[in-house]
Amino acid sequence: MEYVNHKLIFTSLKSILILLTLLILALAGNSQTDETILYKNIIHAEAGGIGGYGSLNYERMFLLPELFSASARIGLSTVRINDYTTRFNPDLLIPLTINGFYGKSHKIHLGFGQLITNTIRSNHTDGKPIRDTNLHTHFAIGYRYHKDGGRLVLGISYTPMIEFQETYRHWGGVTVGFAF
Amino acid sequence: MKNSIFLFAFILFLFSCEKNDFDIKNLNKNQVKALGHGGMGIGQTYPMNSLESILNCLNLGADGTEIDVQMTKDGVLVAFHDQSLELSTNLSGKIYNKTWAEIEGARFSYPYYGNYQLIRLDDLFKNIPNQDNYIYFLDCKNFQPNKDSTYFETFNNAIIEIIDKYNLIENTFVEFKSEILIQKLQAVRPDIKQFIYTDFANALSLAEQYNLEGLTVAVDQLTHEKVELAHSKGIMVATFNTHSHKRNIKAVEHNVEFIQTDRVKHLVKLLKD
C-alpha cells in the first residue's frame, strides 16, 4: 500500500514538473510586450478553493497571443496547526495549478493541477503521530477580474477535486489578490 | 467620546471575567464529568470515533469519552457511529455485513484530505496511554436486524473481552438501547455497569427494573425535575447533544453526572477553572 502510494506521488510530481517546464519553455518564445499586462506576479488569498478552507498563493502570469494568457501557481495552506497530542505539528497543503485565461480585464479561466497534502494522523500500531503525503487532482473553472496595469485581482472559481485520486468532490473558492 | 470608549472596554472586561459558579449536587460526589462525544464530538475537525479524535479529547483534559461500538460479521468490535459506512467513509454497506478484513483501512470522508481511518476497539484502547485513568461510555449500536442468541453471545463476549483485557471494569459504562441486550449482559456479567439510552420515562423505568447505574438522555429532553427524580431513585444521569457552549452550561446546571459533549475544550475549561 505504502509502496503504491509513493510510486503514485513520484509519478504525478514528475508529470507536473514536466508540464510546468514545457509550459514555461513554450511561453518564453511567445512573450508579448509589457503593453498588455504590466504586472505578471500575483500574490493572492483564496477562501475555500484548492487549498481546502483557504490558501495563500503566488502566481506567475505568462502572456500568450491575442487575449490568451496562462499562469502557474503555487500555494500554501493548512487544516490545523496542532496535532491531536496538542503539540505544534501543522498539516501542510500545497496547491500546484496551471491555468489558461481568455479575456482582457474580465477573464474566464480553466485550470488543473495537483494538491500535495502532508498531514498528520495516528499510527494505529503505537498511537504516535505520523505524516502522510498524498496527491489530489483538482480542476478550476472560473472568472477573474484583473485590469491591465491594475494591481487588484478578484476571482471566483468552481474547483472540484478528486480526493486521494479516488473521490470526486464539488468545491469552490473566492480569490482576492495583489499584482506586482 | 473617550469616556464612552473606556466604559465600553470596562464592561467588556467585566463580561470576559464572568465566572460560572455551579452548585452541583449529584450522585457522583457532586462532580460533573466532562466526556467527549466519540472523542471531540460531532462537526469537529477530527471524525467522531477516530483514534485522533479520541486522543485529542483526552489530551485536552477530558475525564473520558463516549465511544460508539458496532460489531462486524466476524465478531470484531469497531468504533463507528453511523448505520451505513457510506455516510461517513469511503466504503459502503453495513458493518454487521462485513468482516474486519473488508473494512480495515476505510477512510473517514471528512474533513477533506484527512487520512483518518476506522479503528478496532481493541486497537483504540491499546493506543490510549493510561487507559484506566479515564471514564468510557461504550454506546452499543446494535443495528443488526435479526439478533439471535449467537449474536448476543458473540457481542457480549467481545465487550467483556475488551473490558477485562484493559482492566476497565471500574471506569466503563456500557450503554444499550434495548431491554433484551441489558438482560443478556447482566445475565453473564452483572458486575459490568450499564446505562440505558432511550426516552426519559422508559429509561427510568428500565433503570429501576434492572437496577442499572444510570440513564442517558439528550440534553434538550432533560429538566432539573427529571434529573432530581432519577437521583432520588439512586440513578445517575448522562446527557449528550451539547453542541454549543450554552448547552454545556445548561447540562452542568441540570446536575447530571456525565456530559458527553461536542464542545470538549469549553466543557473542560468550564468545569476545571
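What pattern does chain A follow when read along the sequence? Chain A follows the pattern α-β-β-β-β-β-β-β-β-β-β, with one helix and ten strands. Helices (H or I, at least four residues) and strands (E, at least two) are DSSP runs, numbered from the N terminus. The structure is a predicted model, in which local features need pLDDT of at least 70 and side-chain atom pairs count only at pLDDT 80 or more, while totals for chains, interfaces and linings use all residues. Residues are numbered from 1 along each chain as its sequence is written, and chains are lettered from A and ligands numbered from 1 in the order in which they are written.

Of the 180 residues in chain A, 31% are buried. A residue is buried if 20 or more other C-beta atoms lie within 10 Å of its own, exposed if 12 or fewer, and partly exposed in between, with C-beta atoms placed from the backbone. Contacts were taken as pairs of residues whose C-beta atoms, placed from the backbone, lie within 7 Å. In chain A, among contacts between residues at least 6 apart in sequence, 51% join residues at least 24 apart.

Chain B has ten helices and ten strands. Its radius of gyration is 20 Å, close to the 19 Å that the globule rule gives for 273 residues, so chain B is as compact as a globular protein of that length. The radius is taken over C-alpha atoms, and the globule rule is 2.2 Å times the number of residues to the power 0.38. Along the principal axes, the C-alpha atoms of chain B fill a box of roughly 75 × 50 × 30 Å. Buried residues account for 43% of the 273 residues in chain B. Among contacts in chain B between residues at least 6 apart in sequence, 53% join residues at least 24 apart.

The contact between the chains takes 21 residues from chain A and 18 residues from chain B. On the side of chain A that touches chain B, the elements giving two or more residues are β5 (106-122), β6 (129-145) and β9 (167-169) of chain A. The largest share, four residues, comes from β5(A). This side of chain A divides into three nonpolar, eleven polar and seven charged residues. Here Ala, Val, Leu, Ile, Met, Phe, Trp, Tyr, Cys and Pro count as nonpolar, Asp, Glu, Lys and Arg as charged, and the others, Gly among them, as polar.

Within chain B, strand β10 (residues 258-261) pairs with two other strands. Two strands pair if DSSP finds at least two bridges between them. Strand β1 (residues 33-37) of chain B runs parallel to β10(B) and is joined to β10(B) by four bridges, with T261(B) as the bridge partner of G36(B). Strand β9 (residues 236-242) of chain B also pairs with β10(B) in the parallel sense, over three bridges, and here T239(B) has I259(B) as its bridge partner. From β9(B) the chain crosses through helix α9 (residues 245-253) of chain B to β10(B), in a right-handed β-α-β crossover. Right-handed means that, with the strands pointing away from the viewer, the path from the first strand over the helix to the second runs clockwise.

In a regular strand the side chains alternate between the two faces of the sheet. In β10(B), F258(B) and Q260(B) point one way and I259(B) and T261(B) the other way, and all are buried.

The buried residues of α9(B) are R247(B), N248(B), A251(B) and V252(B). These residues cover an arc of only 140 degrees around the axis, which puts them on the same side of α9(B). The arc is that of the directions from the helix axis to the C-beta atoms. Their cover includes β9, β10 and α10 (264-272) of chain B.

Most residues other than glycine have a negative phi, and most peptide bonds are trans. Following α9(B), N255(B) has a positive phi, near 65 degrees. N255(B) lies in the loop between α9 and β10 of chain B and counts as buried, with 21 C-beta neighbours inside 10 Å. N130(B) has a positive phi too, near 50 degrees, and lies in the loop between α4 (121-126) and β5 (135-140) of chain B. N130(B) is exposed, with 7 other C-beta atoms within 10 Å. The peptide bond from Y110(B) to P111(B) is cis, with omega near -5 degrees.

How values were computed: Two residues are in contact if their C-beta atoms, placed from the backbone, lie within 7 Å.
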